[in-house]
Amino acid sequence: MAATRRSPAAKSSAAIPQLSWHEVRPAPVVLVSGPQDLFADRAIKGLRDYLRAEDPNLEINDIDAAAYQPGELLTLASPSLFAEPRLIRVSGAEKCTDAFLAESIEYVAGPAEGAYLVVRHGGGVRGKKLLETIRAASGTAIEIVCNDLKKDAEKYDFAKAEFVRARKQITPGALRQIVSAFSDDVAELAAACQQLVADAADQITESIVDRYYGGRVETTAFAVADIALAGRTAEALLSLRHALDSGADPVPIVAAFAMKVRAMAKVANATGSSGQLAGALGMAPWQVDRARRDVRGWTDEALGSALTALAEADAAVKGAERDPVFAVERLIGVIASRGRV
């Protein structure tokens with residue numbers, strides 16, 4: 001298990017270590033907090049596997065905090081005749097009964113020897129006193145923080161780590177494809193990564209991602225933008241048609257173009273390493289690298305034309321013109337020709 005260190009999401013008032021899901025380790029009381037069930041499930045499974053590897057006789061019991069009966073926790077935590085280690089997994093602490101709240105708070109003050117209590121709290125104010133009690137239990141408890149991934153850079157780093165842990169190589173382009181295709185759902189993104197890990201060759205390339213998820217990848221707004229930025233006008237228009245046929249709306253497609261072109265404009269004349277520029281420009285290092293690749297061959301005048309075309313397209317798809325699809329097609333023409341239309 002990983003060494004103790006605080007999660008970036010740690011609350012300064014907590015007296016216990018706050019760790020990421022992949023840093024889980026045994027403690028008498030383990031609070032698994034936050035809304036992201038995927039990370040919570042992985043953390044709890046990881047702890048179970050760790051304890052079971054230490055002692056195959058591990059006794060595992062589950063408690064539904066919303067249906068808790070008085071005395072249940074104490075009964076399960078008490079040692080058996082052979083004193084096997086006990087793992088007690090509590091779900092739904094955010095919907096707990098009054099009995100669970102009272103008895104678990106008392107339990108945290110003096111956990112049973114050889115028992116590991118895992119409390120899953122998905123968020124909300126119910127059970128707040130229990131959370132405060134656990135977070136103050138220095139030397140007894142740890143917290144596994146399972147927050148959602150909201151930024152593209154966070155999702156990119158998560159997906160990259162999935163392949164690193166599996167000792168699989170993936171090209172930067174393939175990684176961007178998979179993140180773009182499944183960015184709306186972290187669980188789906190994780191499942192897609194695991195599918196590639198299980199079935200693909202040692203190095204995962206764009207063509208492999210296309211083979212597995214081509215229908216989904218090709219219809220994303222960012223894929224349309226990438227193809228246009230590569231100067232492939234006909235292919236970009238075809239990809240646009242696929243996206244629209246799949247239910248995509250012109251507004252987010254233009255937004256995808258805007259995100260990329262504005263990033264290009266930020267880095268166009270900037271000097272320094274990607275790490276140095278990332279903080280100054282409000283971008284992730286990989287976004288700086290990508291924008292630098294995209295902007296190669298563009299002049300300042302071409303970028304100015306592209307930004308003007310973006311502003312016109314944005315207004316058009318939001319009601320200024322009667323044909324929003326034509327407005328996107330016109331934008332693709334400008335972008336694909338490096339602003340020379």
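**Salt bridges in a predicted model**

Arg89 is partly exposed, at a relative accessible area of 22%. The model is predicted. Across the structure there are 15 salt bridges.

**Arg89 and Asp62**
- Arg89 pairs with Asp62 in a salt bridge, and their closest N and O atoms lie 2.7 Å apart.
- Buried means under 20% relative accessible area and exposed means over 50%, so Arg89, at 22%, is classed as partly exposed.

**Arg48 and Asp49**
- A salt bridge joins Asp49 to Arg48, with 2.8 Å between the closest N and O atoms.
- Asp49 has 32% relative accessibility, so Asp49 counts as partly exposed.

**Glu321 and Arg330**
- Glu321 forms a salt bridge with Arg330; the closest N and O atoms are 3.0 Å apart.
- Glu321 is partly exposed, with a relative accessible area of 32%.
- Arg330 is also partly exposed, at 32% relative accessibility.

- Asp226, Lys260, Arg290 and Asp294 form one network, joined by salt bridges that share partners.

- Side chains of opposite charge can pair when their charged atoms come close.

Key:
Residues numbered from 1 in each chain as written. Predicted model: local features only at pLDDT ≥ 70, side-chain atom pairs only at ≥ 80, totals over all residues. Heavy atoms only, no water. Salt bridge = Lys/Arg side-chain N within 4 Å of Asp/Glu carboxyl O. Buried < 20%, exposed > 50% of the residue type's maximum accessible area, 1.4 Å probe, protein only.
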